[in-house]
Amino acid sequence: MNAPLFTHIMNRDLLVNLYDDFLKNKSDDAFDVRRILSPDVYHLESFIQTYFSLGWDSEIKAGCYKVNPTVFIAIKDGQIVGFAGYDCTAKGYFGPTGVHPKFQGQGIGRALLLKTLLALSGLTVMTTQEI
């Protein structure tokens with residue numbers, strides 16, 4: 001009799017080390033990832049409406065206006081180029097998240113994901129230089 005199809009998967013370690021080199025910022029171009037502040041919300045709304053959707057805009061605003069905002073933004077040359085949120089739709093949910101098409105592939109999404117997951121887990125969020 002043959003072994004179950006997924007037996008080999010069950011024995012693997014599915015943990016991911018979030019501090020591995022593949023999560024480090026490998027971009028030559030500097031960007032900063034930080035928790036959103038209220039003066040940035042208008043700019044983020046415009047960014048999301050331009051490059052993503054009105055649905056994401058309304059969803060992300062729920063995270064922006066919390067006492068401790070659950071939204072991070074990526075800034076490059078003084079402009080928002082990406083964002084990520086958690087606990088916006090419901091407690092324990094990740095997203096929405098997005099990076100401007102022109103800046104994709106530069107490690108911005110990875111940095112946003114890492115900061116968001118660390119914040120979601122309750123761990124201390126590192127500075128961009130440590131990512």
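A pocket is an open set of grid points with protein on both sides within 12 Å along at least five of seven lines, and its lining residues are those with an atom within 4 Å of a point. All views show a predicted model.

**Figure 1. Overall arrangement of the predicted chain.** The chain contains 4 helices and 4 strands. Along the sequence, these elements follow the order α-β-α-α-β-β-β-α. Of the 131 residues, 39% count as buried. Among contacts with a separation of 6 or more, 58% are between residues 24 or more positions apart.

**Figure 2. The largest pocket and its lining.** Arg34, Asp40, His43, Phe47, Tyr51, Ile75, Gly78, Gln79, Ile80, Val81 and His100 line the largest pocket. Two or more lining residues come from each of helix 2 (41-51) and strand 3. The space within the largest pocket amounts to about 180 Å³. By residue class, the lining comprises 5 nonpolar, 4 polar and 2 charged residues.

**Figure 3. Strand 2 and its pairing with strand 1.** Strand 1 (residues 32-35) and strand 2 run antiparallel and are joined by 4 bridges. Within this pairing, Val33 has Ala74 of strand 2 as its bridge partner. Strand 2 is mostly covered, with 6 of its 6 residues buried. In a regular strand, side chains alternate between the two faces of the sheet. Which residues of strand 2 are buried on one side, and which on the other? Val71, Ile73 and Ile75 are buried on one side, and Phe72, Ala74 and Lys76 on the other, so that both faces of strand 2 are covered.

**Figure 4. The hairpin of strands 2 and 3.** The hairpin formed by strand 2 and strand 3 has 2 residues between the strands. Asp77 lies in the loop that links these strands. The phi of Asp77 is near 55°, a positive value in a residue other than glycine. Is Asp77 buried or exposed? Asp77 counts as exposed because its relative accessibility is 70%, and the cut-off for this class is over 50%.

**Figure 5. Strand 3 and its pairing with strand 4.** Strand 3 (residues 79-86) is mostly covered, as 7 of its 8 residues are buried. Strand 4 (residues 94-99) runs antiparallel to strand 3 and is joined to strand 3 by 4 bridges. What is the form of the peptide bond from Gly95 to Pro96? This peptide bond, from Gly95 to Pro96, is cis, with omega near 5°.

**Figure 6. Asp87 in the loop between strand 3 and strand 4.** Asp87 is placed in the loop between strand 3 and strand 4. Although Asp87 is not a glycine, its phi is positive, at about 55°. The relative accessible area of Asp87 is 9%, and the residue is therefore buried, the cut-off being under 20%. Asp77, in the loop between strand 2 and strand 3, likewise has a positive phi, but counts as exposed.

**Figure 7. Thr116 and its contacts.** Thr116 is a residue of helix 4 (residues 108-121). Its relative accessibility is 0%, so Thr116 counts as buried. Which residues does Thr116 touch, apart from those up to four places away in sequence? Thr116 touches Phe72, Ala84, Gly85, Tyr86 and Phe94. One of these, Phe72, is among the buried residues of strand 2.

**Figure 8. Ala62 and Ala90.** Ala62 belongs to helix 3 (residues 54-64). With a relative accessible area of 37%, Ala62 is partly exposed, because this value falls between the 20% and 50% cut-offs. The separation of Ala62 and Ala90 is 28 residues in sequence and 9.7 Å in space, taken from C-alpha to C-alpha.

Conventions:
Residues numbered from 1 in each chain as written. Predicted model: local features only at pLDDT ≥ 70, side-chain atom pairs only at ≥ 80, totals over all residues. Heavy atoms only, no water. Buried < 20%, exposed > 50% of the residue type's maximum accessible area, 1.4 Å probe, protein only. Pairing = 2+ DSSP bridges. 1 Å grid on protein atoms, 1.4 Å probe; cavity = no way out; pocket = protein on both sides within 12 Å on 5 of 7 lines; lining within 4 Å. Points joined across faces, edges and corners; volume = space filled by probe spheres on them. Nonpolar A, V, L, I, M, F, W, Y, C, P; charged D, E, K, R; others polar. Contact = heavy atoms within 4.5 Å.
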